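Dear colleague,

My notes on what was found in it follow directly after.

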Amino acid sequence: MKIRKELWFGFILMGLIVLAALYMLVSVPRIESGHVGLLMLSLVVVAIMLGFPTAFTLMGMGMIFTWLAYDRDTTKTLDLMVQSAFKVMGNDVLISIPLFVFMGYLVERANLIEKLFRSLHLAMVRLPGALAVATLVTCAVFATATGIVGAVVTLMGLLALPAMLRAGYSVQLSAGAITAGGCLGILIPPSVLLIVYGATAGVSVVQLYAGAFFPGLMLAGLYILYVIIVAKLRPSMAPPLSMADRYVPLPPLTEKIAPSHGTRALPGLLKALKGSRNQGVPTGYILRQLLIVLLPLLLFVFVALWSYRSVTTVAVEEVSTMTRIGDTEAATAKPQEGGLAEPPSDDALKEPPPSGGLQEPPGTEALKEPPGSGSVAEPPASGSVQEPPGAAPAAAGAAQPARDVPAPKGYWIGVAAGAAALVLFYGLLSFTRLEVFKMLLTSFFPLLILILAVLGSIVMGLATPTEAAAVGALGGFLLAVAYRQLTLSVVKESVFLTAKTSAMVCWLFVGSAIFSAAFALLGGQELVERWVLSMNLSKTQFLILSQVIIFVLGWPLEWTEIIVIFMPIFIPLLDNFGVDPLFFGLLVALNLQTAFLSPPVAMAAFYLKGVSPPHVTLNQIFMGMLPFMGIQLVAIVLLYMFPGIGMWLPQLLYSR
């Protein structure tokens, strides 16, 4: 029987791991418990590569080696297992995982991806490599909305791969664009990977989402730039689309009022509204088309006015002239300008004169303390009127008056840039492009609004990740309703898949907690730390070493296994080198794209192969992935050289 190359590679890698573990045991002068912990780590990796379930492998190995570390004490071993599982299940951040997964499955079943791909490919038709660029953008948007790599790669393999092959695109470029674009959901929020890393490393998921936003856009932009350059330099790999592929049919009523497909939409609709061209076309139809055309203008006006009010209205900070009732100690301790003056006296602790505020009855005083108040009265000062006791706190804490200031120069620059973009938009908006714009309104913008609502509420601090995930699940539900795809079978299937995925992640966390506890108990973490520190690495050298290890681990293991097994080993080392766990998490998230793109595991390749035509081989898909893996390395280098790409937004929003 002939064994495939991928299996040979896996067997050789497992053999090297076993040999390295045995060499470690025979080469050290004295075997410590930490070496036993490293042996456990090696056995776990080999067992996972052999196909054993990751979660139960971690739990089984952890319990066996914990039992040995406790001198075969079964009670202590079971206690450790229960405590580790309870600690994981008490982490409320994990509640957001099933909600985000449920949102993804509902959006996937709303059948938006076909319309989204079609509208984006027509909108970008003039770009070199338009189909591949549209594929990457579609994958990025859809992967962000779903976060399910397998679903995105499979759907795009069914939809985009045949279209690109018919248009003459090379198999390698087509396969690389689909697999790389589908994996963007690992990095771009709302990403389950970031939730898992945050829960493992003890890093705020909110800050991770804010930090991963621009690196994710940077990686997607580098992919698109590569495709455009390849299409420009080698047109044979991505030939321009034919006129038949670019043709967009107009609705019958629009055909009656459009002299040609290239006629500008806004003047054409205005002429049809007041001229003779609307004969046979209802005025209501023309007004609806005109409203769609004017939507960008209305949005621009709304944003400009709202922004103007925000930048020109400044609250005036004033010192209140009133002292809260009950704050007598502060009132008698020191004088306040314009507030409660100390009664004239040589003795600071002397009571005020009877004519002050405590005289009962007040006699002929015009302003008196309301009955039942036992606090110091406020003497009349500078025309102020004494408030009753119940109103004093409210008056002191009332909103301060606002004053208007001139709008800053940056605001007018932004308005001018928006106005110029608007003029360009209407100058290029033909009736054909109007139909493409309407397609985008019904496919791209609903997903964009859902994504911005979820991410915006998290990043701006309006909601926790769990609350935003609930909003996203509701949004996915509403999208399925709006597109008439919400049926009982869809809901049942989405709930079942959500429960299955969530259970897998939770069991992984439980297994990871038990394994990490056993590894630390055996002294494996201490041994690794001593070994790393003995090399006297600089911060840069440590980051390079850690990322190379993660890159290599991405070949045989999936990202979930790398996060739950190896991150608890790396995280304690970060303090020794002054590395921010948030920044390290962003590097890891970029690096872990390789877990789906690197052979022999490369799950994205197998997803695509399962729906590809017979003549598309697995080796061609792997060859198409390689340039995009190189782009990932470039992105990691750029993020390291310019940390502000990932750290600027979290520091802007959350630094004090």
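Asparagine 536 is exposed, its relative accessible area being 67%. In this predicted model, asparagine 536 belongs to the loop that joins helix 22 (524-534) to helix 23 (539-553). Its backbone deserves a look: phi of asparagine 536 is near 50°, a positive value in a residue other than glycine. As background, most residues other than glycine have a negative phi. Arginine 484 also has a positive phi, near 55°. Arginine 484 sits in the loop between helix 20 (465-482) and helix 21 (488-521), and with a relative accessible area of 78% it is exposed.

Helix 22 also holds a salt bridge. The search of the whole structure returned two salt bridges. In one of them, arginine 530 is joined to glutamate 526, with the closest N and O atoms 3.7 Å apart. Both residues lie in helix 22, four residues apart, which is about one turn of the helix. Arginine 530 is partly exposed at a relative accessible area of 40%, and glutamate 526 is partly exposed at 49%.

The salt bridge between lysine 438 and glutamate 435 has its closest N and O atoms 3.3 Å apart. These two residues are separated by about one helical turn, because they stand three residues apart in helix 19 (residues 431-459). Glutamate 435 counts as buried, with 9% relative accessibility.

Across the whole structure, 17 aromatic pairs were found. Among them is the edge-to-face pair of tyrosine 226 and phenylalanine 628, at 5.4 Å centre to centre and with 80° between the planes. Tyrosine 226 is in helix 11 (residues 205-233) and phenylalanine 628 in helix 29 (residues 618-641), so this pair ties together parts that are 402 residues apart in sequence. The two partners can also be described by their accessibility: tyrosine 226 counts as partly exposed at 25%, whereas phenylalanine 628 counts as buried at 1%.

Phenylalanine 437 and phenylalanine 445 form another edge-to-face pair, with 6.4 Å from centre to centre and 70° between the planes. Phenylalanine 437 counts as buried, at 11% relative accessibility, while phenylalanine 445 is partly exposed, with a relative accessible area of 28%. Both belong to a cluster in which ring pairs link Phe425, Tyr426, Phe437, Phe444 and Phe445.

The charged end of arginine 72 sits over the ring of tryptophan 67, at 5.9 Å from the ring centre.

How much of helix 5 is buried? Eleven of its 13 residues are, so helix 5 is largely enclosed by the rest of the structure. The buried residues of helix 5 are Ser96, Ile97, Phe100, Val101, Phe102, Met103, Gly104, Tyr105, Leu106, Val107 and Glu108. Helix 5 covers residues 96-108 and reaches 18 Å from its first C-alpha to its last, close to the 18 Å expected at 1.5 Å a residue.

Proline 98 also lies in helix 5.

The last item concerns the surface. Ile12, Leu16, Val18, Leu19 and Leu22 form a nonpolar patch there, and together they have about 470 Å² of accessible area. Isoleucine 12, one of the members of this patch, is placed in helix 1 (residues 5-27).

With kind regards

Key. Residues numbered from 1 in each chain as written. Predicted model: local features only at pLDDT ≥ 70, side-chain atom pairs only at ≥ 80, totals over all residues. Heavy atoms only, no water. Patch = residues over 30% accessible without salt bridge, like charges linked within 9 Å, V, L, I, M, F, W, Y side chains within 5 Å. Areas by Shrake-Rupley, 256 points an atom, 1.4 Å probe, with all protein chains shown as cover. Salt bridge = Lys/Arg side-chain N within 4 Å of Asp/Glu carboxyl O. Expected span 1.5 Å × (residues − 1). Buried < 20%, exposed > 50% of the residue type's maximum accessible area, 1.4 Å probe, protein only. Phe/Tyr/Trp six-rings, centres within 6.5 Å; stacked < 30°, edge-to-face > 60°. Lys NZ or Arg CZ within 6 Å of the ring centre and 35° of its normal.
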